[in-house]
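Please look through the sequence and the structure before reading on.

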Amino acid sequence: MARPDGWLNRKRVQWRTKTTAHDKGSVLLNQRRVYILPTRAGLAFCALLLVLLVGSINYNLGLGFGLTFVAGACAIVDMVQTTRNLAGLVLSPGRAPDVHAGEDAPFELRVENPTRLARYAVWIDFEHVPEPRQAIDVPAGGSTTLVLRTATRARGWMRPPRVRLATHFPLGLFRAWSWWQPDSRALVYPFPEQDAPPLPMLGRPSPDGAGSTGSDDFAGVRSYQPGDPLRHLAWRQIARLDPELGGQLVTKHFEGGTVDELVLDFNTLPARLDVELRLARMARWVLEAEQRALPYGFILGRIRYPVTLGTAHQAACLRALALYGLPEEPA
């Protein structure tokens with residue numbers, strides 16, 4: 001004979017799986033997705049109605065019956081209005097910017113109201129938050145956008161937790177709520193190492209004789225090229241030129257010498273370091289090279305990026321670090 005609680009457990013698991021499935025695209029909150037129960041105030045109000053009804057029956061009070069039925073009708077209207085305050089809303093996910101591990105990941109959510117009934121005091125937040133932090137009003141035929149934040153712990157793709165929408169409007173006798181699992185994701189980069197060693201600059205012979213390291217002979221000035229060290233700018237010549245009149249930056253030119261080459265290679269890091277620590281060091285070096293405007297190459301396993309600079313290059317390197325050893329698509 002099957003245990004009676006086995007059926008309840010299966011139903012609970014099925015309901016949990018159904019409510020946590022990712023909702024593709026926009027989602028309409030129909031009445032089947034809205035749940036409602038009386039609040040503590042609603043239970044106390046029901047007890048008061050029961051006392052009024054019993055007293056009216058015992059003492060045969062016509063006004064007591066009228067007051068009881070009118071108050072009961074108001075409670076029923078409040079139950080309907082509380083449900084309608086959620087039903088009919090259209091939910092859709094928005095942007096989810098990339099963040100570093102340890103930072104809060106912002107998930108943008110859009111709530112639309114295609115009906116003629118304005119919605120008030122709709123509390124919305126992630127399910128793990130005990131008390132919702134944001135309440136929104138959605139005008140009739142309008143929409144509103146909000147951002148919910150949740151903590152991140154590990155690198156890789158991150159799905160947002162379930163979103164809970166709740167309302168007590170208008171009288172607070174009932175609480176209606178609904179669940180929504182946004183189909184969005186945020187990419188979490190490794191957290192940069194705090195006390196990382198200096199950038200691994202390598203010296204190589206300069207093909208054009210423009211040296212950036214060593215003590216070489218000064219050979220004149222030339223036009224500034226991206227990646228030239230700031231310490232080699234010819235400030236005296238620059239001061240004589242007016243940039244507004246077409247003057248350009250110039251750099252000191254040296255005979256012979258070497259130039260700095262920056263290549264961030266994961267395999268050159270000490271093997272004794274943990275994989276996550278090596279990824280964190282690479283992330284720090286990428287950010288530092290971009291901040292200092294130093295063109296850099298990037299090598300991570302089979303991924304090889306040439307020496308360059310820019311926002312796209314930085315994003316590609318950080319993405320490779322975030323997904324190293326992880327699947328390309330989130331679970």
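## Terms and basis

A residue is called buried when its relative accessible area is under 20%, exposed when it is over 50%, and partly exposed in between, with a 1.4 Å probe and protein chains only. The model is predicted: local features need pLDDT of at least 70, side-chain atom pairs count only at pLDDT 80 or more, and totals for chains, interfaces and linings use all residues. Residues are numbered from 1 along each chain as its sequence is written, and side-chain values use heavy atoms, leaving out hydrogens and water.

## Salt bridges

Side chains of opposite charge can pair when their charged atoms come close. Here a salt bridge requires a side-chain nitrogen of Lys or Arg within 4 Å of a carboxyl oxygen of Asp or Glu. By this rule there are 8 salt bridges.

One of them joins Arg281 to Glu193, with 2.8 Å between the closest N and O atoms. This pair links distant parts of the chain, 88 residues apart: Arg281 lies in helix 5 (residues 275–291), and Glu193 lies in the loop between strand 12 (186–189) and strand 13 (201–205). Helices (H or I, at least four residues) and strands (E, at least two) are DSSP runs, numbered from the N terminus. Arg281 counts as buried because its relative accessible area is 12%, and Glu193 is buried because its value is 12%.

A further salt bridge connects Asp125 and Arg133, whose closest N and O atoms are 2.7 Å apart. Asp125 has a relative accessible area of 1% and is therefore buried. Arg292 and Glu288 also meet through their side chains in a salt bridge, at 3.4 Å from N to O. Arg292 is partly exposed because its relative accessibility is 48%, and Glu288 is partly exposed because its relative accessibility is 23%.

Strand 17 (residues 296–300) pairs with strand 18 in the antiparallel sense over 4 bridges; two strands pair if DSSP finds at least two bridges between them. Within this pairing, Ile299 has Arg304 in strand 18 as its bridge partner. The two strands form a hairpin with 2 residues between them, and Gly301 in the turn has a positive phi of about 65°.

## Ile303 and its surroundings

Ile303 belongs to strand 18 (residues 303–308). Its relative accessibility is 30%, so Ile303 counts as partly exposed. Leaving aside residues up to four places away in sequence, Ile303 touches Phe298 and Ala320, where contact means heavy atoms within 4.5 Å. Between Ile303 and Cys317, which are 14 residues apart in sequence, the C-alpha to C-alpha separation is 9.1 Å.
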